[in-house]
Amino acid sequence: MSGCDVLIALGLIAGAVFHMTMQSCLCELYKKPLLTLTDVRERCVITKDILASCETVKTNAKNWMELTRCSYCDAYWLIEYPFSEHHGGGPQCAYRVTGLKPEHWPVGITQKIRQLDEDRAFFDVLGPEVGPENCQHVVCDRLRISGSAFCIQHHFESITNCFTSNELYSRVKRFLGLG
Ligand SMILES: [Zn+2]
Ligand SMILES: [Zn+2]
């Protein structure tokens with residue numbers, strides 16, 4: 001290897017190190033908000049890598065949440081334990097948060113997403129509307145489902161206070177300030 005080759009090799013190594021340093025933050029890559037339980041599960045898998053560039057700002061012992069800030073780009077990440085019933089508290093799940101008021105803790109979202117997912121699964125197994133009696137809701141001319149006095153939508157509404165599974169996702173979006 002000539003002296004020139006060594007210089008080129010050193011240059012390549014320096015370039016690679018520089019490149020790695022610049023790539024050390026995943027904040028842009030994972031800034032998409034969490035909407036579904038699948039999003040939450042996928043985020044749990046990558047959370048350790050995301051947090052590699054982050055430092056703790058504050059922790060909340062009451063709800064096990066933690067606020068961290070990225071050392072590279074100053075993005076804030078909130079950490080929750082969405083499956084806290086699991087052994088050891090379950091995996092961490094980090095998601096981007098903005099517009100923070102330092103005196104308040106942001107509201108957690110992963111438990112809400114889990115609840116909505118359960119509601120949607122519940123909705124999906126209801127029905128069909130076999131009747132022959134009509135739904136007992138005041139203004140409804142649909143037939144009742146088996147095992148209930150109501151049609152599928154009014155049965156669901158009486159249990160979850162939501163009208164349809166689409167409404168569930170609207171609720172998630174409103175909750176996240178997206179719609
Ligand atoms: Zn960052
Ligand atoms: Zn009905």
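Before we start: helices (H or I, at least four residues) and strands (E, at least two) are DSSP runs, numbered from the N terminus. Trp64, for instance, lies in the loop between S1 and S2. The model is predicted, so local features need pLDDT of at least 70, side-chain atom pairs count only at pLDDT 80 or more, and totals for chains, interfaces and linings use all residues. Residues are numbered from 1 along each chain as its sequence is written, while chains are lettered from A and ligands numbered from 1 in the order in which they are written.

**Exercise 1. Work out the strand order of the sheet and find its edge strands.**

Step 1: Start with the elements. The chain has five helices and four strands, and along the sequence they follow α-α-β-β-β-β-α-α-α.

Step 2: Go through the pairs, where two strands pair if DSSP finds at least two bridges between them. S1 and S2 are antiparallel with six bridges, and Asn60 sits opposite Met65 in S2. S2 (residues 65–70) and S3 are antiparallel too, over four bridges, with Arg69 facing Tyr76 in S3. Five bridges then link S3 to S4 (residues 93–97), again antiparallel; here Trp77 has Arg96 in S4 as its bridge partner.

Step 3: The four strands make an open sheet in the order S1-S2-S3-S4, with antiparallel pairing. That leaves S1 (54–60) and S4 as the edge strands, each pairing on one side only. The average twist is 30° from one strand to the next, taking axes as lines fitted to C-alpha atoms, for helices over the stretch in contact, and angles as running from 0 to 180 degrees between N-to-C directions.

**Exercise 2. Describe how H2 sits on the sheet and what it packs against.**

Step 1: Check the helix itself. H2 (residues 37–50) has 14 residues and spans 19 Å from its first C-alpha to its last, close to the expected 20 Å (1.5 Å times one less than the number of residues). At Cys44, H2 bends by about 40°, which is the angle between axes fitted to the seven residues ending there and the seven starting there.

Step 2: Place the helix. H2 lies across S3 and S4, at about 85° to S4.

Step 3: Find its covered side. Val40, Arg43, Thr47 and Ile50 of H2 are buried; buried means 20 or more other C-beta atoms within 10 Å of a residue's own, exposed means 12 or fewer, and partly exposed is in between, with C-beta atoms placed from the backbone. An α-helix has 3.6 residues a turn, so residues three or four places apart point the same way.

Step 4: List the partners. The buried residues of H2 pack against S3, S4 and H3 (110–124), with a contact being two C-beta atoms, placed from the backbone, within 7 Å. S3 (residues 76–80) is mostly covered as well, with four of its five residues buried.
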